[in-house]
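Dear colleague,

I am passing a structure on to you, together with some notes on what turned up in it. Please look through it first and then read on.

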Amino acid sequence: MARREGTRSRSTLLWLAVLGVFVAYLLWALRAEEAFQVTQKRLEYTDSGVVVSGEIRNTATAASAVNVEVTFFDARGRQLGKETVTLPNLGAGATATFRTQPKTLPEVKDYTIYVNTGRNMYGN
């Protein structure tokens, strides 16, 4: 009986070790996926219209072009407009500012920022 319990506990420890390695890899892979980080962002109401500005950092090891897609929403969550700001060559470790063109959308209450780096290795 003692031999079975020893085998069972060894098997359980092995599975826990495998699970731990998998979770560690998953966390590392997800962290490495975010090559660009929006470090600052601000919604401004100007005389010309509403503007979103901010700063983006390239945390990857290579320079890359990036599109910053800003979508504007009203208080009910309805999309009012969208704009893309292209940063053509953001160097590795570099930080760049972005700013949308003024939009005459007086009802803007919220916005989202999506950093689009183009197609991934799967073609999506």
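**A buried threonine and its sheet**

At 9% relative accessibility, Thr71 counts as buried, where buried means under 20% relative accessible area, exposed means over 50%, and partly exposed lies in between, with a 1.4 Å probe and protein chains only. Before going further, please note that this is a predicted model, in which local features need pLDDT of at least 70 and side-chain atom pairs count only at pLDDT 80 or more, while totals for chains, interfaces and linings use all residues. Residues are numbered from 1 along each chain as its sequence is written, and side-chain values use heavy atoms, with hydrogens and water left out.

Thr71 lies in strand 3, strands here being DSSP runs of E with at least two residues, numbered from the N terminus. Leaving aside residues up to four places away in sequence, Thr71 touches Gln79, Gly81, Lys82, Asp110, Tyr111 and Thr112, a contact being heavy atoms within 4.5 Å.

The sheet around this residue is an open one of 3 strands in the order 4-3-6, with antiparallel pairing; two strands are taken to pair if DSSP finds at least two bridges between them. Strand 4 (79-90) and strand 6 (110-116) stand at the edges with a single partner strand each, so one side of each has no neighbour in the sheet. On average, and with direction ignored, neighbouring strands of this sheet are turned by 15° against each other, the axes being lines fitted to C-alpha atoms and the angles running from 0 to 180 degrees between N-to-C directions. Strand 3 (residues 64-73) pairs with strand 4 in the antiparallel sense over 9 bridges, and within this pairing Val68 stands opposite Val85 in strand 4.

Strand 1 (residues 36-45) and strand 2 run antiparallel and are joined by 9 bridges, and in their hairpin, which has 4 residues between the strands, Gly49 takes a positive phi near 145°. On the other pairing, 5 bridges join strand 2 to strand 5, also antiparallel, with Phe98 in strand 5 as the bridge partner of Gly54.

Ser53 has its place in strand 2 (residues 50-58), and it is buried, with a relative accessible area of 11%. Arg42 stands opposite Ser53, and Lys41, although 12 residues away from Ser53 in sequence, is 5.7 Å from it in space, C-alpha to C-alpha. The side chain of Ser53 also makes a polar contact of 2.9 Å with that of Glu44 (a pair of N or O atoms within 3.5 Å, where within protein one must be able to donate a hydrogen and the other to accept it, and residues adjacent in sequence count only if both atoms are side-chain atoms).

**Charged pairs**

How many salt bridges are there by the rule used here? The count comes to 4, a salt bridge being a side-chain nitrogen of Lys or Arg within 4 Å of a carboxyl oxygen of Asp or Glu. One of them joins Glu44 and Arg42 (3.3 Å, N to O); Glu44 is buried at 15% relative accessibility, whereas Arg42 is partly exposed at 49%. Glu44 also meets Arg99 in a salt bridge (3.1 Å, N to O), and because Arg99 lies in strand 5 and Glu44 in strand 1, the pair ties together parts that are 55 residues apart in sequence. A further one is formed by Glu83 and Lys103 (3.8 Å, N to O); Glu83 lies in strand 4 and Lys103 in the loop between strand 5 and strand 6, so this pair ties together parts that are 20 residues apart in sequence. Salt bridges that share partners join Arg42, Glu44 and Arg99 into one network.

**The nonpolar core**

The largest nonpolar core has 16 residues, and those with the most contacts inside it are Ile56 and Val68; such a core is a set of buried Ala, Val, Leu, Ile, Met, Phe, Trp, Tyr and Cys residues joined through side-chain atoms within 4.5 Å. Strand 2, strand 3, strand 4, strand 5 and strand 6 each supply at least two residues of this core, and the largest share, 4 residues, comes from strand 3. Among the residues that Ile56 touches are Val68, Leu87, Ala96 and Val115.

With best wishes
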